[in-house]
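Subject: Handover of a two-chain model

Dear colleague,

Please find the structure below for your records.

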Amino acid sequence: MPAHGFSLRSAAVQAVRQRGGGVRPRRRARHHRRVSQNHGAAGACASETTAWACEQGQWTLRLAPPAAGAAWIEAALPAAAAGSVRIDGGSLREWDAGLAAALWSLRARLQQRGLQVELHGLPPGLGEVLQLAQADAAVRGPAAPRRPGLRGSLHQARLTVAFFGEVLIVLARWLGGHARVRGADVLQQLDQAGPRSAPIVLLCCALVGVMLAYMGGAQLERIGAQGFLAGVVTVGMVRELAGLMTGVILAGRVGAAFAAQLATMQAGEEIDALRVLGVDPVAHLVLPRLLALLLMAPPLLACGALAGIAAGALPAVLVYGVSAPEYLQQSLRALTATHLWIGLCKGLLYAALVALAGCREGLHAGRSAEAVGRATTAAVVKALVWIVAAACATTVAFTAMGF
Amino acid sequence: MQVHGLTVAAGGQLVQQDLDFEVHRGEVLVVVGPSGCGKSTLLRHLVGLEQPAAGRVLLDGQDLHRGAEGPLAALRRRFGVMFQAGALWSSMTLGENLMLPLRLFTTLDGAECERRARFKLALVGLDGGFGLLPAQLSGGMRKRAALARALALDPELLLLDEPGSGLDPLNAARLDELVLHLRQYLGTTVVMVTHEIASVFAVADRALFLDPQERRMTAIGPPQELLAHGPAAVRAFLARADAA
């Protein structure tokens, strides 16, 4: 019986060596010619092709050299064949991995038909290799995970709700002084979430401010109301767009990082190590990240809104003929406390959703590198969907309430 | 620790069933069997990370899987667990890895936490590694650091998941020796999962064999006794490794 870890390639090489057929590289070409001649000679001697034949009720497939190429696998066995069939390799002198694979495949097909397969006269090593492949085929791993259906989606939704509940409980315990959060952890996350995200938030909000001013100006110009352009840009940026853009950027930059960090910890059993100690992963890992994003959201929002308003002044002044002092005056007049706190609330909500999506996906990730990638993607997608849904819901709700 | 009728499953598939055994105070019990027989899954059940499909795990009569989370967490803190890959918290230095449990679950001040963390690192031969990050360590050092962290809260029961895997024979033997010293000098009870038979003969008072085909415990007893009088499959398993 071949040793464990025996491969088809090594089996073929070993079989050739056992027959004294070890070939040095410089003699390889000559050897190939010799093998070809052998095949040709054997084929000529046998002067037959591989085919099924029935003798006294026993169906036999006689393998004629050269047997590789495996076209004979498709040779149909008559439907009348029953019980056992025989594969006879008595006239074969050589074999290779292609022949072994073809025989293995044929045997599996025949066995699927309920036939017993007897192998006769195979060259040395080939029978053993087929036996080995048979033994390996007997081992079955766990079934591949199925794609989540409705039940799977409901389970995921239940996990998400449970996770939100856990976070709320831990937050309440922390506010009540019953849970500890390491300041160093919060500072580390603040560093990652805040200053490093600021440049891209500023850039994106400025570009959105320019777009808003252009589009708004074009419409207002038609009714000669360019004077209101500053108000449109200011209210739009402060109340809606600065928060939305900040949320989207945080989702792609910070939420993805949260998911990747936690999923990697999950894969490396680091989260299990916390659980074994009785350390709540939500308190230890999620809360610092959530707090960091909630702390960084207001300054990022403020910077983003200012950048958008300032950038909106360029088309207002250069294209639509609004003077700079007038733009500033209109902006300040339009900016009320209501718009400010609504913008702040929305921004904080989006930041929280980004943190929760990242941490939820990271903590519930699988234990492989692939799972880390999946968690990261899912975190970004979920955060974006949640942000847009929340933006829609809050806009409708605040407007309906008269704010 | 008593295990009664424990049935463990992973990914919805039955792994082992009807496991009944006891871990005696101060002994080294080694769980052994071929790869894929469910050794690590069993360990995760023993420490309460997974809910069993059936059966109970009792520590001093208290069920490790049923009850309020608070008391259960306190019960689990009597364990020290060393995971297969070490599972050191990668964003923290070795010192912080060891001090975190001390800070969270003891009333010791910072200086005392640090002193104890340094001592535990010295116990495993890593006294100079206090300020190093896990990524800066070799595989063997990471395993030893993980063992030091498992010892941080002076556990009564140490559970080790394949401590020698991925190590060269010399380092694996050093780790076995370390486990024996800890048992001898600290009186710690040890449950160790391994598929390395050399470790079984080196450290085990008793060995527990898991059969992947039957999905049951095949035998439990002193390794030499099992080698001489155990079931045929166990004898063959031990003898092959013994010969190697």
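In what order do the six strands of the open sheet in chain B run? The order is β6-β7-β8-β3-β9-β10, and the pairing is mixed. Here strands (E, at least two residues) and helices (H or I, at least four) are DSSP runs numbered from the N terminus, and two strands pair if DSSP finds at least two bridges between them.

Before going further, please note that this is a predicted model, in which local features need pLDDT of at least 70 and side-chain atom pairs count only at pLDDT 80 or more, while totals for chains, interfaces and linings use all residues. Residues are numbered from 1 along each chain as its sequence is written, and chains are lettered from A and ligands numbered from 1 in the order in which they are written.

Chain B

In the six-strand sheet, the edge strands are β6 and β10 (216-221) of chain B, each pairing on one side only. From one strand to the next, the twist averages 15°; axes are lines fitted to C-alpha atoms, for helices over the stretch in contact, and angles run from 0 to 180 degrees between N-to-C directions. Helix α5 (residues 139-150) of chain B packs on this sheet, where it touches β6 and β7 (157-161) of chain B. The direction of α5 makes about 165° with that of β6(B). Strands β3 (residues 28-32) and β9 (residues 206-211) of chain B are joined in the parallel sense by four bridges, and Val32(B) has Phe209(B) in β9(B) as its bridge partner.

In total, chain B has nine helices and 10 strands. Its radius of gyration is 18 Å, close to the 18 Å that the globule rule gives for 244 residues, so chain B is as compact as a globular protein of that length. The radius is taken over C-alpha atoms, and the rule is 2.2 Å times the number of residues to the power 0.38. The C-alpha trace of chain B spans about 55 × 45 × 30 Å along its principal axes.

Chain A

The domain assignment, which is automatic or from a database, gives chain A domain 1 (1-20 + 51-68 + 83-136) and domain 2 (167-400). The C-alpha centres of these two domains lie 65 Å apart.

Chain A also holds an open sheet of four strands with mixed pairing, in the order β1-β2-β3-β4. Its edge strands are β1 (51-55) and β4 (116-120). β1(A) pairs with β2 (residues 58-62) of chain A in the antiparallel sense over five bridges, and Trp52(A) stands opposite Leu61(A) in β2(A).

Cores and the contact between chains

A nonpolar core is a set of buried Ala, Val, Leu, Ile, Met, Phe, Trp, Tyr and Cys residues joined through C-beta atoms within 7 Å; buried means that 20 or more other C-beta atoms lie within 10 Å of the residue's own, with C-beta atoms placed from the backbone. The largest core has 146 residues, of which Leu293(A), Leu353(A), Val354(A) and Val30(B) touch the most other members. Helix α8 (residues 229-267) of chain A provides the largest share, 23 residues. Apart from this core lies another of 15 residues, including Ile87(A) and Leu99(A).

Between the chains, 17 residues of chain B are in contact (C-beta atoms, placed from the backbone, within 7 Å) with 11 residues of chain A. On the chain B side, α2 (69-76), β6 (79-82) and α3 (94-105) each supply at least two residues, and α2(B) gives the most, with three.

With kind regards

Methods. Buried ≥ 20, exposed ≤ 12 C-beta atoms within 10 Å, placed from the backbone. Contact = placed C-beta atoms within 7 Å.
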